[in-house]
Amino acid sequence: MSGKAYNAFHMAQEQFDRVAELLGLDPPLRELLRWPMREYAFSLPVRMDDGSVRVFRGFRVQHNDARGPGKGGIRFHPLETIDTVRALAMWMTWKCAVVNLPLGGSKGGIVCDPHHLSQREQEALCRQWVRQIAREVGPWLDVPAPDVMTNAQHMLWMLDEFETLRGGRYPGFITGKPVGMGGSLGRTEATGYGVVFALREAFKELGIRSEDTTAAVQGFGNVAQYSVEMYQQLGGCVVAVSCWDQQEQKSYCYRRKEGIDLAFLRGITDRFGGVDRAKAIAAGYEALPGEAWIEQDVDVLIPAALEHSIDEENVGRISRRVRLIAEGANGPTTPAADHVLRERGMFVIPDFLANAGGVTCSYLEQVQSNMNFFWKKDEVLGRLDATMTSAFLDVLELSRRRKLPMRDAAYVTAVSRVAQACRDRGWV
Ligand code: NAD
């Protein structure tokens with residue numbers, strides 16, 4: 001969502017067309033999978049703190065549920081569009097399939113900027129979203145979760161509204177709930193940790209010692225912070241992170257060549273993943289233009305902010321030293337940039353594989369919620385690691401066997417599973 005002319009859904013369709021061609025899918029199946037099965041767009045009137053009423057736009061898109069109930073987050077973002085939500089829903093279908101979860105793909109969103117909404121206004125917005133869509137979602141139908149600028153508190157308000165409307169307790173309606181209120185231990189860490197579990201396996205494949213590597217990260221929100229945490233646990237050194245500066249309305253890259261201090265930076269970061277620039281500079285960090293994350297002389301790049309961050313304009317700025325890109329964000333690389341990376345022989349762990357730890361843990365939360373029985377953190381993270389590792393190794397094996405880049409191998413794995421489910425159900 002960089003504001004450049006770019007449409008995430010067209011990009012998702014272009015990626016799909018490429019794999020449909022590779023797989024030789026027949027036309028009805030292509031048509032079915034190129035589009036969401038269902039999509040809802042609705043208005044959300046909210047009474048603001050000053051007494052006025054403001055009408056927001058909300059969306060829920062269900063791309064495909066042949067393999068199981070839909071699953072996907074809800075974003076708050078001022079630039080949200082139906083096409084972004086469509087793309088993200090489609091990517092959720094592939095993501096659930098590549099890690100072999102019995103789930104389909106959905107996504108939701110509200111066009112808003114929570115920086116400018118009070119807690120009460122955010123609560124009202126969450127409750128309105130549920131009121132508009134309650135008949136079309138549910139524990140066995142479509143299960144929402146947090147995403148960009150939404151958190152456990154938003155999920156709990158949404159759950160409370162859903163349960164009020166349905167007249168019962170349905171903790172499996174939504175995931176990413178607070179721990180103690182049906183949330184799973186490990187969910188907060190899951191996406192970022194999962195990115196690095198996959199990265200660890202890629203290091204093994206390339207014969208690289210993680211302790212010898214450095215990385216630059218785009219973003220400093222949930223996914224980025226926990227990627228950094230796990231990567232540092234493996235002995236890697238993160239030299240730069242970038243984030244959006246709400247006051248300045250532009251992004252900054254904070255660099256410290258000897259490695260960032262995660263605990264310190266977290267301590268000066270707001271709940272939207274925005275670092276306090278003055279405090280960072282005072283502590284000796286260089287505040288570079290936001291795009292600088294991509295041109296760092298490091299071994300690993302982890303885009304973990306928003307979609308469309310590596311494109312044909314900036315891909316050439318990636319240092320020759322970079323050997324691996326682990327896509328924490330959804331859709332960070334445009335097809336044109338991906339082409340350049342392929343030519344370069346870059347090892348890319350594609351988004352819907354790299355960041356599948358979030359939905360994997362959401363699935364584990366759903367299972368626990370539906371059973372009303374909860375596992376210890378180690379148990380959850382152990383299952384997460386096992387799922388990520390085995391999905392990564394499956395894709396790697398296909399990539400070697402068919403001499404495909406990792407993105408194509410992940411797509412072939414995921415799309416063939418979904419296509420098979422559609423055929424088995426007799427849909428096409
Ligand atoms: P978040 O809101 O917690 O953090 C987003 C971060 O990106 C913030 O630090 C923000 O300042 C930064 N950012 C925004 N615009 C930027 C820009 N132009 N340049 C640099 N930084 C910028 O969001 P998150 O949950 O960490 O999600 C990040 C990405 O990962 C998104 O693409 C999301 O869809 C994807 N994802 C998230 C999860 C999850 O579990 N949270 C799971 C899978 C995928």
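Which residues line the largest cavity? The points below take up this question first and then turn to other features of the structure, which is a predicted model.

1. The largest cavity. Its lining is made up of Asn-64, Asp-65, Ala-66, Arg-67, Thr-93, Ala-97, Leu-103, Gly-104 and Val-418. The volume of the largest cavity is about 30 Å³. The structure holds one cavity of 30 Å³ or more.

2. H10 provides the largest share, three residues.

3. The seven-stranded sheet. Strand S12 also belongs to an open sheet of seven strands, whose order is S9-S8-S7-S6-S10-S11-S12 and whose pairing is mixed. Strand S9 (286–289) and strand S12 (347–349) stand at the edges; each has a single partner strand, so one side of each is left without a neighbour in the sheet. From one strand to the next, the twist averages 20°.

4. Pairing of S7 and S8. In general, the strands of a sheet pair through backbone hydrogen bonds, in either a parallel or an antiparallel sense. Strand S7 (residues 237–245) and strand S8 (residues 250–255) pair in the antiparallel sense, over six bridges. Within this part of the sheet, Asp-245 stands opposite Lys-250 in S8.

5. Is His-154 buried or exposed? With a relative accessible area of 2%, His-154 is buried, because the value falls under the 20% cut-off. This residue lies in helix H5 (residues 152–166). Leaving aside residues up to four places away in sequence, His-154 touches Phe-76, Gln-122, Cys-126 and Met-149. One of these, Gln-122, also makes a polar contact with His-154: their side chains are joined at 2.7 Å. The histidine at position 154 is thus described by its burial, by its place in H5 and by its side-chain contact with Gln-122.

Key:
Residues numbered from 1 in each chain as written. Predicted model: local features only at pLDDT ≥ 70, side-chain atom pairs only at ≥ 80, totals over all residues. Heavy atoms only, no water. Helix = DSSP H or I, 4+ residues; strand = E, 2+ residues; numbered from the N terminus. Buried < 20%, exposed > 50% of the residue type's maximum accessible area, 1.4 Å probe, protein only. Polar contact = N/O pair within 3.5 Å; in protein donor to acceptor, adjacent residues only side chain to side chain. Contact = heavy atoms within 4.5 Å. Pairing = 2+ DSSP bridges. Axes fitted to C-alpha atoms, helices over the stretch in contact; angles between N-to-C directions. 1 Å grid on protein atoms, 1.4 Å probe; cavity = no way out; pocket = protein on both sides within 12 Å on 5 of 7 lines; lining within 4 Å. Points joined across faces, edges and corners; volume = space filled by probe spheres on them.
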